[in-house]
Amino acid sequence: MKKLSIALVAVVVAWPLLAATRTAAFEVSGWTCGSCAVATRIALKKLDGVQDVKTDPEKNEARVTYDDSKVTTDRMVEAIAKLGYKATHRNGGGAAGSPRAPIDEPPNAVKSLPAERVSFFEVPLECGAAEGLGCGSAAKPILTELDRNARIAEARINHAGTVLAVVWKNPNDRSDGAVESLFEAHHLAAAVLRGEAREKAIQEFRSDQWYAAADVDRLSEHEARVIAARLVNRAGSKLDLSPDRRAALTEDLAVVFARHLISRDEECDSRREAIEKELTRAASKHLNPQQLAELRKAGEQGIQALPGEAR
């Protein structure tokens, strides 16, 4: 019994030694300003096990120091994705301590799909407010309808909203014409990709992030952050805010925009007054009346990028 107790003590003492403090570097796409980087830093710091985060908006890079016994890089990528940004983990993060065996990634069913089961279409589902971003509110009803088709296993769009992938349950039941007809019913056009364009889409489908109906709200959240950051940046120095207060203002405005983008319907124009009231209420937590007036002036110029503004 005494030997067993000694062994247990040895295990307990040795257990912390298995942990290591590591540094992971991520390339982040989707940032449009310093506030985006600040929001990312705040989100990562909320993860248990993250000790320090440094972000560089000019390099689109985030470097995280963390305890690898408490948090994984996959969790960090997920946390960044929830903000609407795409993070790619760069290999080579250093570790203070003995190296540990890498954690295996879960199997990706998409990567092992036979190519003949997937149809690819060029589609016009881009976001008008942000370049290179798909429109979640436009894609969601179409993806939902495709999911209801008994012949279709799943349907996804790429991050840019320019390509749709439809996975058929049985290649013999494939009907590209049915997909094109669905787009026509929505007063849109879809064109089947062939040749080199299809081969490129296959490679991207097996490696990049694609969005199903249940995922596209993340695109809307990203769009909301772009719009919020654009308005705050447009008001610029007239707001006279610290970086942290600027990031908090952007975050609160983005929450309002996201809520209405996700619930967008045919009556969205009639809700404009309600949206403006919500935005004013959110901004009032951070701004005095004079600052609020400057932000309102920025908003009156619209949510689209003006000449010289980042898209």
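Cys 135 is buried, with a relative accessible area of 9%, where buried means under 20% relative accessible area, exposed means over 50%, and partly exposed lies in between (1.4 Å probe, protein chains only). This is a predicted model, in which local features need pLDDT of at least 70 and side-chain atom pairs count only at pLDDT 80 or more, while totals for chains, interfaces and linings use all residues. Residues are numbered from 1 along each chain as its sequence is written, and side-chain values use heavy atoms, with hydrogens and water left out.

The cysteine sulfur closest to that of Cys 135 belongs to Cys 127 and lies 5.8 Å away, which is too far for a bond. Cys 127 is also buried, at 5% relative accessibility. A disulfide is a pair of cysteine sulfur atoms within 2.5 Å, and by this rule the count comes to zero disulfides.

Helices (H or I, at least four residues) and strands (E, at least two) are DSSP runs, numbered from the N terminus. Strand 6, residues 118-122, is mostly covered, since four of its five residues are buried. Two strands pair if DSSP finds at least two bridges between them. Strand 6 runs antiparallel to strand 8 (residues 163-168), to which five bridges join it, and it also pairs in the antiparallel sense with strand 9 (residues 191-192), over two bridges. Phe 121 stands opposite Leu 164 in strand 8 and opposite Val 192 in strand 9. As a general rule, the side chains in a regular strand alternate between the two faces of the sheet.

A nonpolar core is a set of buried Ala, Val, Leu, Ile, Met, Phe, Trp, Tyr and Cys residues joined through side-chain atoms within 4.5 Å. The largest nonpolar core has 51 residues, and those with the most contacts inside it are Leu 146, Ile 157, Leu 164, Val 166 and Leu 253. Among the elements that give two or more residues to this core are helix 4 (136-147), strand 7 (152-158), strand 8 and helix 5 (176-185). Helix 7 gives the most to this core, with eight residues. Apart from this core lies another, of 22 residues, which include Trp 31, Ala 37, Leu 83 and Tyr 85.

Helix 8, residues 243-262, has 20 residues and reaches 28 Å from its first C-alpha to its last, close to the 28 Å expected at 1.5 Å a residue, the expected span being 1.5 Å times one less than the number of residues. Among the buried residues of helix 8 are Leu 249, Asp 252, Leu 253, Val 256 and Phe 257. With contact meaning heavy atoms within 4.5 Å, and leaving aside neighbours within four places in sequence, Leu 253 is in contact with Ala 228, Val 232, Leu 279, Ala 282, Ala 283 and Leu 295.

Thr 73 lies in helix 3, residues 73-82, and is buried, with a relative accessible area of 16%. When neighbours within four places in sequence are again left aside, Thr 73 is in contact with Ala 24, Phe 26, Tyr 66 and His 89.

**Salt bridges**

A salt bridge is a side-chain nitrogen of Lys or Arg within 4 Å of a carboxyl oxygen of Asp or Glu. A search of the whole structure finds 16 salt bridges, including the following.

| Pair | N to O distance |
|---|---|
| Arg 22 and Asp 68 | 2.7 Å |
| Lys 285 and Asp 252 | 3.2 Å |
| Lys 297 and Glu 294 | 3.9 Å |

Arg 22 forms a salt bridge with Asp 68. This pair links distant parts of the chain, with Arg 22 in strand 1 (residues 21-29) and Asp 68 in the loop between strand 3 (61-67) and helix 3, 46 residues apart. Arg 22 is buried at 16%, and Asp 68 also counts as buried, at 11% relative accessibility.

Lys 285 and Asp 252 meet through their side chains. Because Lys 285 lies in the loop between helix 9 and helix 10 and Asp 252 lies in helix 8, the pair ties together parts that are 33 residues apart in sequence. Lys 285 is exposed, with a relative accessible area of 60%.

Lys 297 and Glu 294 are three residues apart in helix 10 and therefore separated by about one helical turn. Lys 297 is partly exposed at 47% relative accessibility, whereas Glu 294 is buried at 18%. Finally, Glu 27, Glu 61 and Arg 90 are linked in a network of salt bridges.
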